[in-house]
Amino acid sequence: MAAIRTLPDDLINAIAAGEVVERPASCAKELVENSLDAQSSWVEITYRQGGMAEITVADDGHGIPAGEVVLALERHATSKLSDFADLDQITSLGFRGEALPAIAQVSRLQVLTRAAGDQTATRVVVEGGRMLLRERVAAACGTTVAVRDLFFNTPARQAHLRSADVEGARLVQEVSRLALAAPAVGFRVSTDQRLVLATDGNGDLLAAAASVWGLDVAEDLVPIFDQHSDVTISGLISRPHRARGNRQAQIVVVNGRAVNNPRLRYAAEQAYRDHLMRGRFPYLVLCLQLPARNVDPNVHPSKWEVRLRAEDELAAHVYEASRRALGLERRVVGESQTWASAQGATPSVADLSQAHQIGFEPVHLASSAVALGDPPTAVSQVRTLFLVAADEHSLYLIDQHAAHERIAFEALSAVDRPQAQLFVEPRRVRLLPAEAAQVLALQAELAEAGMEIDALGSQGELVVRSLPSALAGVDQGALVHNLLVDVAACASVSEATERSRRVRTAMAACRAAVKRGDRLSAPEQQALIDALWRCAEPRHCPHGRPVWISLPFGSLEHHLGRS
Amino acid sequence: MLSFEIPASRLTEPLQLVLRATATRDLVPALTGILIEAQDDQLSLTGTDFDLGLRMSVDAKVTSPGRALIPARSLAELARRIPPASLVEVKAVDGKATMRFGKSRFDLPTLIDTDYPSVDFGADSQGEGKTLKAAALRHVLGRVTYAAAQRDDSLPILLGIKVSFNSDGHLEVCASDNFRLAWAQTTTEAVGLNAEVVVKARALTEMVRSLPDEDVRVALSERQMFFRSGSVQGFCQRVEGQFPDHRKLIKETYETTIQVQVADVIQAGERASLATDVRSPQVILRAGEDGVSLSAESAEMGSAYEDIPATWSGAPVEIAFNPKFLIDALKNAGAEAVDIGFNGPLSAARLHPTGAPDDHLALVLPIRRM
């Protein structure tokens with residue numbers, strides 16, 4: 001039986017290295033964060049074989065003074081922290097002194113660095129933690145770290161790596177986050193002589209987002225801004241129709257550090273509640289500036305997670321700021337919904353530079369936005385599902401059901417006119433006992449929307465005394481029962497305003513369901529379109545599906561060969 | 001094999017009439033047809049959509065007795081266009097009905113007549129039936145039909161009109177979509193009939209419209225209400241369920257009463273409703289020392305104020321209505337002036353013709369403003 005003994009230092013170091021550096025992407029992240037902490041104005045990253053063969057990170061930062069280079073390669077050697085008090089005031093990205101030594105333990109590392117005050121640069125070569133060479137050479141200010149053969153001495157970890165393509169993609173994804181978190185730093189990422197990502201580092205977040213996500217996405221980003229006491233929230237979020245099937249294009253930046261904070265991300269997503277389909281996620285860059293004492297990044301070795309003080313309050317602010325930002329962009333004609341962009345037409349650079357001018361002043365955005373014009377003229381109804389309409393410029397195909405839903409939702413949501421149309425005789429509705437209990441828990445929200453309910457003694461039976469007047473005159477057969485069943489599901493939502501909105505969404509959906517398949521006369525078609533155009537957000541149903549698509553006649557003619 | 005001859009003038013009108021009862025949607029294809037049965041120099045034309053059934057008999061020269069089920073719409077449309085003076089010869093055999101008149105010949109495909117349901121026009125119940133004037137029925141129904149629910153997916157009972165006969169010849173009808181209620185009564189000759197039924201408003205309206213302007217014999221079975229007048233027979237399917245009881249809703253006294261000219265309020269209401277939000281319309285009626293007014297406002301449409309000439313007594317009141325419900329009630333009041341009673345802003349307003357409170361009344365439920 002093996003005796004218990006203390007591990008040799010190099011083994012301890014190799015194990016600890018795994019906590020910080022688990023794959024090429026995390027290695028690149030550590031090195032780039034060091035570059036950012038060194039006040040670099042540009043960072044150039046090149047890699048081979050997904051970073052497994054080589055990662056080189058070069059910057060023009062303040063470099064490491066000649067006398068400290070060796071120290072920098074020792075574990076827990078850092079320039080960023082000296083005593084406990086500093087832990088409360090961390091403003092740099094790295095601080096533990098773990099990154100460089102950890103990488104040095106598991107790779108063949110070369111560091112070439114020259115501090116601004118030094119005459120010459122220092123070159124150090126380390127292999128598996130052992131220094132092989134240290135020499136003085138001539139080089140410009142800044143630091144270049146080259147990491148070769150990552151994990152060459154820890155085959156177990158190497159075995160966990162995926163293909164070069166996958167690891168390379170992760171590396172770029174990681175660097176993209178950092179580039180968005182530091183728009184004032186120019187990033188260039190290339191592999192095999194191929195430029196993968198470049199940001200110009202002019203400090204404009206929208207420009208950085210355009211570089212990372214593409215021009216077409218950048219066109220659909222709106223700035224968010226909020227400031228209260230010592231917290232500033234800024235960033236970009238996408239308009240509802242510009243969403244993705246995953247959360248990869250969401251980053252939260254706290255005091256310049258790209259972090260994973262599901263609570264804040266979720267708060268921003270909540271702002272889209274009525275506008276996004278389930279399983280669709282907005283693009284977002286949320287930048288928070290808050291006093292260093294409110295942040296504790298010392299939770300996880302990779303610093304990927306941070307703790308924030310008063311996180312619920314912050315989340316509420318993020319939510320409000322996002323709502324405001326999205327509310328401001330209502331009545332802007334969504335380019336992406338037109339036929340032209342559906343065909344893949346790319347917005348011109350001129351469009352983007354216009355977006356630049358808009359900058360971070362949300363008011364400008366609203367006023368310079370193209371307003372939704374007069375409602376188009378109804379042309380016809382197709383299969384009792386769609387309305388065809390046209391104005392001077394475009395042909396519109398309108399989803400009748402979605403239009404009804406949007407109109408009903410806004411009628412129900414308007415705070416200045418919740419009205420309850422009273423019943424001649426209260427309606428009795430029997431639900432499953434559990435559903436009835438859920439509905440009763442929503443009594444206040446329902447009453448606020450115009451539906452007054454009470455329990456009727458026996459289990460599951462309710463009386464309904466009124467309907468929201470927006471629903472009256474439609475139907476009372478299945479409506480009331482279906483509505484209550486749908487509403488019951490909203491009881492589990494904890495946030496009060498969100499609960500109210502869900503209740504109204506359910507009501508709107510019910511009303512629209514009743515109107516489904518209605519054959520509409522010409523005046524009715526027009527009335528529906530007019531009512532839709534009066535809505536605050538006529539382009540999406542409360543579930544976030546688009547209500548219409550428009551086809552500019554120009555592009556129609558183009559497609560039909562009439563240019 | 002069915003074959004008969006008939007002057008076009010005698011065929012057109014019965015076909016138009018029976019057409020009203022045929023189904024417009026082809027859920028049951030056989031019901032989109034008119035069943036023609038011929039025997040003993042008599043044709044019987046039948047249409048039904050289950051809720052309503054109509055049968056009319058006409059004289060014809062039957063050359064071969066039998067029956068055929070012919071698509072109603074094409075048959076009626078064709079019959080309408082045959083010169084009235086022509087003699088039409090109809091022959092139906094092997095899934096095809098051939099119509100000849102003048103120099104024309106038409107072939108219509110027939111439906112499968114064995115799919116047609118057996119329809120009961122109450123021959124057995126007629127013995128217990130009672131006779132009243134069709135005009136009386138039309139009169140009371142004209143006062144209340146508007147208040148019935150319209151949509152197919154409404155609570156079934158609310159699609160109906162409650163018809164009550166009591167043994168001294170009293171006839172009452174009542175309709176309600178649960179947001180408003182209308183009730184009317186009259187005295188008929190149908191003494192001895194004591195029953196209360198609910199039938200679909202749409203069916204009953206079509207039925208009464210199809211009756212000639214003379215005496216109609218009404219009888220009831222467990223599931224249907226039967227009508228017979230001259231050559232027309234019909235039935236309306238009864239609807240099961242608990243109908244709102246207007247008697248519980250009418251109060252002994254009203255805190256506020258106003259008397260207005262119907263035309264004044266309709267016009268004012270129609271103008272005011274232009275200023276309401278169409279998605280959730282409401283007008284506010286105020287009655288008090290300053291007189292009676294209707295007003296409305298919305299963010300998008302502006303606001304309206306209408307002073308209404310009226311007499312007012314009792315307590316001041318401020319109450320909100322869906323303008324459509326108020327205007328519908330006024331339009332169907334059948335009088336030039338009405339009394340409207342209120343018991344505060346959250347109780348039903350009662351409306352009846354001035355001077356004739358027992359003939360007709362309407363209740364309109366208000367909107368609770370929050």
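Colleague: Start with chain B. Which strands does helix H2 of chain B lie across?
Modeller: This is a predicted model, to be clear. Helix H2 of chain B, residues 72-81, lies across S8 and S9 of chain B. The helix runs at about 165° to S9(B).

Colleague: And helix H1 of chain B, what does that one lie across?
Modeller: Helix H1 covers residues 8-19 of chain B and lies across strand S1 (2-7) and S7 of chain B. Its angle to S1(B) is about 105°.

Colleague: In what order do the strands of that open sheet in chain B come?
Modeller: The order is S5-S1-S7-S8-S9, 5 strands in an open sheet. The pairing is antiparallel.

Colleague: Which are the edge strands?
Modeller: Strand S5 (61-64) and strand S9 (104-109) of chain B. Each of them pairs on one side only. On average, neighbouring strands of this sheet are turned by 15° against each other, direction ignored.

Colleague: How many bridges join S7 to S8 in chain B?
Modeller: 5 bridges. Strand S7 spans residues 87-93 and strand S8 spans residues 96-101, and the two run antiparallel. B:Ala92 stands opposite B:Ala97 in S8(B).

Colleague: What about the loop between S7 and S8 of chain B, which residue is worth a look there?
Modeller: B:Asp94 is found in that loop. Its phi is positive, about 55°, although it is not a glycine. Most residues other than glycine have a negative phi.

Colleague: Is B:Asp94 buried or exposed?
Modeller: B:Asp94 counts as exposed because its relative accessible area is 76%, and the cut-off for exposed is over 50%.

Colleague: Where is B:Phe50, and what is its phi?
Modeller: B:Phe50 is found in the loop between strand S3 (42-48) and strand S4 (52-59) of chain B. Its phi is positive too, about 80°, and again it is not a glycine. B:Phe50 is partly exposed, with a relative accessible area of 44%.

Colleague: Switching to aromatics. How many aromatic pairs are there over all chains?
Modeller: The count comes to 7. One of them is A:Trp213 with A:Tyr283, an edge-to-face pair at 5.1 Å centre to centre, with 65° between the planes.

Colleague: Where do A:Trp213 and A:Tyr283 sit in the chain?
Modeller: In distant parts, 70 residues apart. A:Trp213 is in helix H8 (residues 205-213) of chain A. A:Tyr283 is in the loop between strand S14 (281-282) and strand S15 (284-289) of chain A. Both A:Trp213 and A:Tyr283 are buried.

Colleague: What about A:Phe423 and B:Phe179, what is their geometry?
Modeller: They form a tilted pair, 5.6 Å centre to centre, with 40° between the planes. A:Phe423 lies in strand S21 (residues 419-430) of chain A and B:Phe179 in the loop between strand S12 (170-176) and strand S13 (180-187) of chain B, so this pair joins two chains. Both A:Phe423 and B:Phe179 are buried.

Colleague: Which residues form one aromatic cluster with A:Tyr396?
Modeller: A:Trp533 and A:Trp548.

Colleague: Cysteines next. How many disulfides over all chains?
Modeller: The count is 0. As for individual cysteines, A:Cys287 counts as buried at 15% relative accessibility. A:Cys535 is buried as well, at 0%.

Colleague: Now strand S4 of chain A. What is A:Thr122 in contact with, leaving aside neighbours within four places in sequence?
Modeller: Its contacts are A:Ala66, A:Val69, A:Val111, A:Leu112, A:Thr113, A:Arg134 and A:Glu135. A:Thr122 is in strand S4, residues 121-127. It counts as buried because its relative accessible area is 4%, where the cut-off is under 20%.

Colleague: And A:Ala121, buried or exposed?
Modeller: A:Ala121 is buried, with a relative accessible area of 0%. A:Ala121 is found in strand S4 of chain A too. Beyond neighbours within four places, its contacts include A:Leu112, A:Arg114, A:Glu135 and A:Val137.

Colleague: How far apart are A:Ala121 and A:Ala66?
Modeller: 55 residues in sequence, and 7.1 Å in space, C-alpha to C-alpha.

Colleague: Last one. What caps the N-terminal end of H10(A)?
Modeller: A:Asn261 does. A side-chain oxygen of A:Asn261 lies 3.1 Å from the backbone nitrogen of A:Arg263. Helix H10 covers residues 262-270 of chain A, and its buried residues include A:Leu264, A:Ala267 and A:Ala268.

Technical notes:
Residues numbered from 1 in each chain as written. Chains lettered and ligands numbered in written order. Heavy atoms only, no water. Helix = DSSP H or I, 4+ residues; strand = E, 2+ residues; numbered from the N terminus. Buried < 20%, exposed > 50% of the residue type's maximum accessible area, 1.4 Å probe, protein only. Contact = heavy atoms within 4.5 Å. Polar contact = N/O pair within 3.5 Å; in protein donor to acceptor, adjacent residues only side chain to side chain. Disulfide = S-S within 2.5 Å. Pairing = 2+ DSSP bridges. Axes fitted to C-alpha atoms, helices over the stretch in contact; angles between N-to-C directions. Phe/Tyr/Trp six-rings, centres within 6.5 Å; stacked < 30°, edge-to-face > 60°.
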